[in-house]
Amino acid sequence: MKHFTSVHDIGNLQAALAEAVEIKNDRFKYVELGRNKTLLMVFFNSSLRTRLSTQKAAMNLGMNVIVLDINQGAWKLETERGVVMDGDKSEHILEAIPVMGCYCDVIGVRSFARFESREFDYQETILNQFIQYSGRPVFSMEAATGHPLQSFADLITIEEYKKTARPKVVLTWAPHPKPLPQAVPNSFAEWMNAAGYDLVITHPEGYELDKKFTGNAPIEYDQMKAFAGADFVYAKSWAAYEGDYGGILSTDRSWTVSDRQMAVTNNAYFMHCLPVRRNMIVTDEVIESPQSIVIPEAANREISATVVLKHLLG
Ligand code: CP
């Protein structure tokens, strides 16, 4: 694997899942693979899980780790070419990226959608600049349009908990006070489709995602209908993709996942990538219930990251 930015980079999904099981059984099996290799993690945005789980994954493989928080202590970076740099940005990303590449063997990048331009976000401008100019294998630690490390962990988790070969998985929009990127739902849909699960997407009208990611997954505007018989419920808020890109179209709290919706499922497991705003996305009762698997889901971030780093080192 040269770079990791989507499900298409992981190769055979069943083989990757088998590797996840192997690594979960013996996290340090490949500890020699990363000896004298350095991972650089570059964060343009905040993180808890990605930061900790990816660093742990690198340690599982014997790597050294450097973390760079672009907004804390680094020079402010200009990302547009052709700009007269007479403002507060001291360095251009086109010099910064190859310099970063000098000090490491693999680079992870977190760079969220900015919602200034759908074209800029959906071209994955920042991530692709790292791929083009760093001279190193690059992986997404959540970019503008995808969060494949999260979705791989989600898939590992569903494989661990599923009771039927092809479970019904419902991706539901939920309200949030801020407009959030589509990266997590985009990737989740893409990975669930690749796994061949029975994926249903539910959201208020206007929140349609890019078909490039959702494929032929049915959309159900009635959340209760969508939840009927579900084996897994995956909640996430996202801002509009079509029309008013980045806009909040609904604040309807009846979409908050509660016991009311969970009652019509097939005793579904509740999932969320975290961080989650309680009683906006999901009620205290549901997230604290025995059916909530958000913590094992987060724990599997270490496993997905270890598999991906192993491929990149290999
Ligand atoms: N799920 C996830 O990526 O969490 P962080 O934003 O805390 O890394």
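Modeller: Start with the location: the ligand sits in the largest pocket. Keep in mind that this is a predicted model.

Now the neighbours. Ser47, Leu48, Arg49 and Thr50 are among the residues around the ligand. Sorted by class, the shell has three nonpolar, four polar and three charged residues.

Domain 1 covers 7–146 + 301–313, and domain 2 covers 150–298. Each of them gives at least three residues to the shell.

A nitrogen atom of the ligand lies 2.8 Å from a polar backbone atom of Leu274. At Cys273, a backbone N or O atom is 3.0 Å from a nitrogen atom of the ligand. Arg301 uses its side chain: an N or O atom there is 3.1 Å from an oxygen atom of the ligand. As for cover, the ligand taken alone exposes 260 Å², and the protein buries 93% of that.

One more feature concerns empty space. Rolling a probe the size of a water molecule over the atoms shows where such space remains. The structure holds one cavity of 30 Å³ or more. The largest cavity has about 60 Å³ of space. Its lining includes Ser111, Phe112, Arg114, Phe120 and Asp121. Glu124, Thr125, Ile126, Leu127, Ala143 and Ala144 also line the largest cavity.

Terms used:
Residues are numbered from 1 along each chain as its sequence is written. This is a predicted model: local features need pLDDT of at least 70, side-chain atom pairs count only at pLDDT 80 or more; totals for chains, interfaces and linings use all residues. Side-chain values use heavy atoms; hydrogens and water are left out. A residue is near a molecule or strand if one of its heavy atoms lies within 4 Å of it. A polar contact is a pair of N or O atoms within 3.5 Å; within protein, one must be able to donate a hydrogen and the other to accept it, and residues adjacent in sequence count only if both atoms are side-chain atoms. Accessible areas come from the Shrake-Rupley method with a 1.4 Å probe; for residues, only the protein chains shown count as cover. On a 1 Å grid over the protein atoms alone, a cavity is a set of points where a 1.4 Å probe fits but cannot get out, and a pocket is an open set with protein on both sides within 12 Å along at least five of seven lines; lining residues have an atom within 4 Å of a point. A molecule sits in a cavity or pocket if more than half of its atoms lie within 2 Å of its grid points. Ala, Val, Leu, Ile, Met, Phe, Trp, Tyr, Cys and Pro count as nonpolar, Asp, Glu, Lys and Arg as charged, and the others, Gly among them, as polar. Domain bounds come from an automatic or database domain assignment. Grid points are joined across faces, edges and corners, and a volume is the space filled by probe spheres set on the points.
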